[in-house]
Amino acid sequence: MTGGRAALAALALAALSFTGCSSYLRAVAEIAPAATPAAPLPSAFGAATPAPTAAAARADASAKPVPTPAPTLTVFPLTCTPTPVPSATPQPAKDYAAVYPLYDNKNGRYGIVAADGELVYGYEFSDVRTIEVIPNSKAVQPERTWLFAQGEDGAPTRILSGSRTVFSYTLAKGGALADTVTDNLILVRDAGSPYSRPPYGLLSFTGAWILPPVYEDGFLLNGGYAAMCSEKGWNLYDATGKALFPTEVRRIIDMTEDLVMCIDKNDRFGFLDMTGKTVIDYRFVDVWPFQNGMTCASEDGKYGFIDRTGAYVKEPMYDGITNFHHGVARFQEGELFGLVNEQFIPIMPACYELLYLHNPTGPGAIGLLPDGRVELVCYDGSYVKLSEDVLGEGFGFVNDWFILKTKDGLGLSDIEGNWVLQPQAERIYALAEGAQAPFAVVTRGALAVMNAKGERIRPESYAEAAPRGPDHVEVAETDGTRRLLNTKTGAYVEAKP
């Protein structure tokens, strides 16, 4: 899945279009829109982005892809002079796989600390951000954290893999920001550029430039590849910086099962192989990435499934359909939605005005009937009718639970319709990915950090909370004091003297 592109990815499964296969100019896959999403905060706490309403989500799903004009390349001057970190550069005495930002409330700066409280780098950073790791990156050790730490007052800015400095330079007017990382590739952009779009480049894990930061756009792909845009268009590059296509294409969207999804000048989707040869013609108005050798696609408004040659394995007959998850796909007939199994046999007829699918670990979906009643839908075709007190809005998911709303507020329900958390909250959002993730519950303005069992991790309430790496969140107290909380132990991380 494409990384570092807000329009192309969020989680491993981002929102499935309500009209069927969502164009990759809009999204990739789905967990249903969360009622109250997390507010990832790189440094200063700020207002969370409001969740899209159901109506807005449906409007976005029915929107047509916006044509992307062919970009032009300008050779941007770097606003800093980054240099690779030589092998002799001093590194911390101990190599920690996971490190975290720790805020000093006295001087307003971040340090870098290990889970045991060892201060790896001093309080010299104005901002620390998590660098996104592309899923299934084989050369990236999953236990290692990747951080971009922005130096302040002459201190060097660092790209960190665990506690090891991969790249370092002295900041000047912004400098290069690290966006995403995959196998031996780090995508960076020159944030200090005076141009409207910062130029992009590629670094290796040794800190050497693979492609200089002179590209107008770019993003990383699975397997150690990058799509980069020059004045001629888009090309695919490997980890050595070699261009794989003989000529540039108008737009690269993603790479899926060793096929590269692209768009031509007529805004039609097609697929190329890794040499740039067209293997599926540009004929689709909408298409999804391949999954187990097939994907849903549409040429003229009706959706079916194609194989890797572009031949239909299921004739176009749906007004919309998704790829399969949990062994089912959501299909659309007119304005209503239902579920089919992998043999394309309906297990739930098209009877729902809205049908929100859970993430890969979840037990079911949330269905909104035309009369306003809400049901929980299991992936075997069974369903649970909920009380009429449950409103047709505010849907979302945390772990294996469903976020539902009544007139009293948001609550959590299990698949059988039993309240795990009584509905009284204003916001509920996950603080990490996965089925056993901690989450935040905001009630009357007070935020509680909860564990996967639905229990408070600590008795204190906070003003805000944001993810800070594996098993850690940064919490802000009402007076602005920030602390690093270990969600496994419930203890605050304090720097060793």
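Predicted model: local features only at pLDDT ≥ 70, side-chain atom pairs only at ≥ 80, totals over all residues.
Is Asp116 buried, exposed or partly exposed? With a relative accessible area of 38%, Asp116 is partly exposed.

## Salt bridges

Side chains of opposite charge can pair when their charged atoms come close. In this structure, 18 salt bridges turn up. In one of them, Asp116 pairs with Lys496, and their closest N and O atoms are 4.0 Å apart. Lys496 counts as partly exposed, at 42% relative accessibility. Glu118 joins in as well: Asp116, Glu118 and Lys496 are linked in a network of salt bridges.

Another salt bridge joins Glu299 and Arg283, with 3.2 Å between the closest N and O atoms. Glu299 is found in the loop between β21 and β22 (303–307) and Arg283 in strand β19 (residues 278–284), so here the parts tied together are 16 residues apart in sequence. Glu299 has a relative accessible area of 27%, which makes this residue partly exposed. Arg283, at 24% relative accessibility, also counts as partly exposed. Elsewhere, Arg373 and Asp371 meet through their side chains in a salt bridge of 2.7 Å, N to O. For Arg373 the relative accessibility is 33%, so Arg373 counts as partly exposed.

## Aromatic pairs

A pair of aromatic rings is described by the distance of the centres and the angle of the planes. Searching the whole structure gives 13 aromatic pairs. One of them is formed by Phe167 and Trp209: the ring centres are 5.8 Å apart and the planes meet at 75°, so the pair is edge-to-face. Phe167 comes from strand β8 (residues 164–170) and Trp209 from strand β12 (residues 209–215), which puts the partners 42 residues apart and links distant parts of the chain. How accessible are the two partners? Phe167 counts as buried, at 0% relative accessibility, whereas Trp209 is partly exposed, at 28%.

Phe271 and Phe290 form another pair, with ring centres 5.0 Å apart and planes at 65°, so this pair is edge-to-face too. Phe271 lies in strand β18 (residues 269–272), and Phe290 lies in the loop between β20 (286–287) and β21 (294–298), 19 residues apart. Both Phe271 and Phe290 are buried. Ring pairs also join Phe305, Phe324 and Phe344 into a cluster.

## Charges over rings

Some arginines meet aromatic rings face-on. Arg482 lies over the face of Tyr103, 4.0 Å from the ring centre. Arg483 has its charged end over the ring of Tyr492, at 3.8 Å from the centre.

## Nonpolar cores

Which residues have the most contacts inside the largest nonpolar core? They are Ile131, Trp146, Phe148, Ile159, Ala178 and Ile186, in a core of 15 residues. Two or more residues of this core come from each of β6 (146–151), β8, β9 (176–182) and β10 (185–190).

Take Ile186 as an example. Setting aside neighbours within four places in sequence, the contacts of Ile186 include Trp146, Ile159, Val166, Ala178, Leu202 and Phe205.

Technical notes
Residues numbered from 1 in each chain as written. Heavy atoms only, no water. Phe/Tyr/Trp six-rings, centres within 6.5 Å; stacked < 30°, edge-to-face > 60°. Helix = DSSP H or I, 4+ residues; strand = E, 2+ residues; numbered from the N terminus. Buried < 20%, exposed > 50% of the residue type's maximum accessible area, 1.4 Å probe, protein only. Lys NZ or Arg CZ within 6 Å of the ring centre and 35° of its normal. Core = buried A, V, L, I, M, F, W, Y, C linked by side-chain atoms within 4.5 Å. Contact = heavy atoms within 4.5 Å.
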